Amino acid sequence: MAKSKSFWGEHPEHIWLDGEIVPWDQATMHVTQGHIFAHSIFEGIRAYWNQDQEKLYVFQLDAHLERLYRSIKLMRMETDFTLEDLRTSSIELCLKNEYREDIYVFPSVYFQSHVYLNKMVGPTHTYIQTFPHASELDRTEGATCGISSWTRITDNMLPARIKCWANYRNSAIAWTQESLSGFDEAIMMNTHGKICEAPGACLGMVQDGVLLTPSVTSDILVSVTRNTILQIAREVLGMPVVEREIDRTEIYTADEIFLCGTGAEIKPVSSIDHYTIGDGGIGPVTQQLRQVYNDLIRGIDTRYPEWRTEVM
Ligand code: PMP
């Protein structure tokens with residue numbers, strides 16, 4: 001059977017929908033269903049293949065599912081599935097699709113069709129999609145960034161701290177603008193005029209041996225990767241870590257800037273608004289973090305076993 005594309009690549013043989021693993025072509029929804037209003041929340045989770053061990057590890061599965069359930073609660077969604085159900089189902093789906101490569105695991109929860117704007121409370125559908133997606137931790141080029149003139153949504157407009165699809169119109173408008181202007185990535189400021197995050201990743205800054213990042217009350221997504229990196233910096237690299245407001249002019253003159261997220265992993269930044277960051281290459285702390293992160297996600301480094309769930 002010829003394979004069509006999912007929105008991030010070739011689609012898998014199977015998808016998990018409302019409690020069952022079904023062939024891709026049978027995972028359908030009615031055109032009137034809630035998804036078209038962006039009444040949905042989701043998680044982006046990665047699993048990494050270890051070729052030597054011939055094992056696939058899902059990274060930070062529990063932390064992602066815990067955030068998914070916070071999103072469900074905040075959006076007043078009801079679901080019949082427990083966190084444990086989605087945990088088991090994610091693993092079963094990875095097994096069923098027989099992956100031997102790096103992949104994404106992508107659960108999404110959306111309101112059923114009769115839930116409408118005047119009372120957005122109620123039952124949902126859930127699906128889990130998986131698709132191949134290789135790591136880019138070995139990239140040697142830093143990203144060029146522009147600070148967007150679009151402002152990041154603030155917490156009393158939309159729940160910025162969770163992964164609600166509606167938030168991503170804000171991300172898309174900023175990212176599209178910066179990419180049309182020739183930059184790889186956008187960096188957004190919040191309503192207080194402070195540095196916030198990229199449209200799909202958090203921001204880390206290294207200055208004089210200290211790792212700084214905007215705090216979780218700066219309208220950022222409460223990122224799993226950001227938490228992971230802060231822990232690695234403190235406990236593995238022995239670096240001081242500070243979570244505080246960051247000014248625009250601080251990032252132009254920083255020693256190192258990187259973006260971090262499940263998708264971005266740890267992405268070095270080479271310039272912002274045409275200001276070269278450091279010497280424009282990959283800074284030593286960013287490089288060290290990438291090395292440790294790479295070894296942890298693949299189970300090469302066996303520390304923090306609670307971060308990896310083996311697919312078996
Ligand atoms: N901010 C935004 C807006 C994102 O979409 C993402 C990617 N999920 C992140 C930050 C990083 O979050 P995480 O590390 O949990 O993937």
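In this predicted model, a backbone N or O atom of Val-224 lies 2.8 Å from an oxygen atom of the ligand. A polar side-chain atom of Ser-223 is 2.7 Å from a ligand oxygen atom. For Thr-225, a polar side-chain atom is found 2.5 Å from an oxygen atom of the ligand. The protein covers 96% of the 380 Å² of accessible area that the ligand has on its own.

The shell around the ligand holds 16 residues. The closest are Arg-67, Lys-163, Tyr-168, Thr-225 and Thr-262. By type, the shell divides into seven nonpolar, six polar and three charged residues.

Strand β12 was examined next. This strand spans residues 185-189. Five of its five residues are buried, so β12 is largely enclosed by the rest of the structure. The cut-off for buried is under 20% relative accessible area. In a regular strand, side chains alternate between the two faces of the sheet. In β12, Glu-185, Ile-187 and Met-189 point one way. Ala-186 and Met-188 point the other way. Residues on both sides are buried, including the charged residue Glu-185.

Which strands pair with β12? One is β11 (residues 143-151), which pairs with β12 in the parallel sense over four bridges. Here Ile-147 stands opposite Ile-187. The chain passes from β11 through helix α3 (residues 167-180) to β12. This β-α-β crossover is right-handed.

The other is β13 (residues 195-197), which runs antiparallel to β12 and is joined to it by two bridges.

A loop residue gives a contrasting case. Glu-54 sits in the loop between β6 (45-50) and β7 (55-59). Is Glu-54 buried, partly exposed or exposed? Its relative accessibility is 46%, so Glu-54 counts as partly exposed. The cut-off for exposed is over 50%. Glu-54 and Glu-101 are 47 residues apart along the chain. Their C-alpha atoms are separated by 9.6 Å.

Methods
Residues are numbered from 1 along each chain as its sequence is written. This is a predicted model: local features need pLDDT of at least 70, side-chain atom pairs count only at pLDDT 80 or more; totals for chains, interfaces and linings use all residues. Side-chain values use heavy atoms; hydrogens and water are left out. A residue is near a molecule or strand if one of its heavy atoms lies within 4 Å of it. A polar contact is a pair of N or O atoms within 3.5 Å; within protein, one must be able to donate a hydrogen and the other to accept it, and residues adjacent in sequence count only if both atoms are side-chain atoms. Accessible areas come from the Shrake-Rupley method with a 1.4 Å probe; for residues, only the protein chains shown count as cover. Buried means under 20% relative accessible area, exposed over 50%, partly exposed in between (1.4 Å probe, protein chains only). Two strands pair if DSSP finds at least two bridges between them. A crossover is right-handed if, with the strands pointing away from the viewer, the path from the first strand over the helix to the second runs clockwise.
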